[in-house]
Amino acid sequence: MNFNWSALKHAIVDGIRQLVSRPIYLITMVGVPLFCTFFFLDFMTEGLPLKTPAAVVDLDNTPVSRNVARNLGASELVDLQYRPTSYAEAMELLKSAKIFGFFMIPRDFQADAEAGRETAITYYCNMAYFIPGTLSFKSFKQTAVTTSGSIVMTTLVGAGLNEGLVGNLMQPVVTQEHTIGNPWLNYSIYLSNSFLPCLLQLIIFQVTAFSLLQEIKRGTSVQWIKDAGGSVTIACAGKLIPQFVIFSLTGLAMQAMMYGFWDFPLNGNLLNMIAAMLLMVAASQAFALLISCMIPNLRFALSILSLLGILSFSIGGFSFPVEDMYPAIGIFSYLIPARHYFLIYTNVALNGFEIYYCRWEYIVLILFLLAPMGMLWKLKRYSLNPVYIP
């Protein structure tokens, strides 16, 4: 049987006419993802938020306590903007969100340390603001540990032990760190390459389902199928092919911004990453088409795809390892196209692997394209008998 190329051409023209008929399509498909990409990359230019507002409460005010405060102030993670004189004053600053944590040195700190008596350094962090609170905690903890070690070393040397021996006792094992793939410890290199493709996937879900199921909602689905020669496959292809071209160009522009203008590491072949982006776009369209076939109701389908798209940011394994998730939850991560794109990114762009070593991720993205084929009959049935349920 000959393929009806004329019907496909007519369906594609209708799909293009639909996209240009309402500016919201191009704004959503091009403007929103590119604006978010620029905003996010520019916001994370430093790689990690630095100089978190903090405070130090020095109740001892001795040379040792002032040295501890200077060491804390030298950290690039905190900015000691305030020096309150009491716990109550510091807590008031913390509650008003003027600072995200404060470091407290007790009275008689130097005297107790020199006499070998137990003394305590306390620090408070506002973890309601997770990132600045975590950065404050990291800097405070590092300063506290360093101070503790310095006091112990001074006490032992003062007791007559050799300084070299004390140093070996304090740090018997010297560690060497070699950060692979992201030696700058740039948080944006990791976060941007997971968050932004997932955002694009969410937009693809919404646009694909809306463009298909609005035909049923508006009662024009019968003519839509008829114009495609009675083939639901051609009808869907006519809508999805123009969208694929636009979304692919948008995805490639996002990659250009990350790997070109922002100089993100790309240790592997650029063509492999381009292929991964094209496959992720097509796989996301296929996934949305599958949901649209299974639930041919505009409101319900958009709700399901919105939920799955939002959950992709968490169950996709970008911020929490899939291996440590509950198995009943972790298994859903492999049903998300952006998850497989992210695995390709880590293997190709960061680790520089050849395509052979991440071939299964490409294969899974290709298999996504076959998923809706067995359900197109249901979409055709509802399209030929449109009954919109609000």
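**Two helices in contact**

Guide: This is a predicted model. Begin with the residues that touch: Phe287, Ala288 and Ile291 of helix 11 meet Ala301, Ile304, Leu305 and Leu308 of helix 12.

Visitor: How many nonpolar, polar and charged residues are in the contact of helix 11 with helix 12?

Guide: Seven residues in this contact are nonpolar, and there are no polar and no charged ones.

Visitor: What describes two packed helices?

Guide: The angle between the axes and the distance between the axes describe the pair. Here helix 11, residues 270-294, packs against helix 12, residues 298-315, at an angle of about 140°, and the axes are 9 Å apart.

Visitor: Is the crossing of helix 11 and helix 12 left-handed or right-handed?

Guide: Helix 11 passes helix 12 in a right-handed crossing.

Visitor: How many helices and strands does the protein chain have?

Guide: The protein chain has 16 helices and four strands. Its radius of gyration is 29 Å, well over the 21 Å from the globule rule for 390 residues, so the chain is more spread out than a compact globule. Along the principal axes, its C-alpha atoms fill a box of roughly 95 × 45 × 40 Å.

Visitor: What share of the residues is buried?

Guide: Of the 390 residues in the protein chain, 44% are buried. As for contacts with a separation of 6 or more, 76% are between residues 24 or more positions apart.

Technical notes: Residues are numbered from 1 along each chain as its sequence is written. This is a predicted model: local features need pLDDT of at least 70, side-chain atom pairs count only at pLDDT 80 or more; totals for chains, interfaces and linings use all residues. Side-chain values use heavy atoms; hydrogens and water are left out. Axes are lines fitted to C-alpha atoms, for helices over the stretch in contact, and angles run from 0 to 180 degrees between N-to-C directions. A crossing is left-handed if the near helix is turned anticlockwise from the far one by less than a right angle, and right-handed if clockwise. Contact means heavy atoms within 4.5 Å. Ala, Val, Leu, Ile, Met, Phe, Trp, Tyr, Cys and Pro count as nonpolar, Asp, Glu, Lys and Arg as charged, and the others, Gly among them, as polar. The radius of gyration is taken over C-alpha atoms; the globule rule is 2.2 Å times the number of residues to the power 0.38. Buried means under 20% relative accessible area, exposed over 50%, partly exposed in between (1.4 Å probe, protein chains only).
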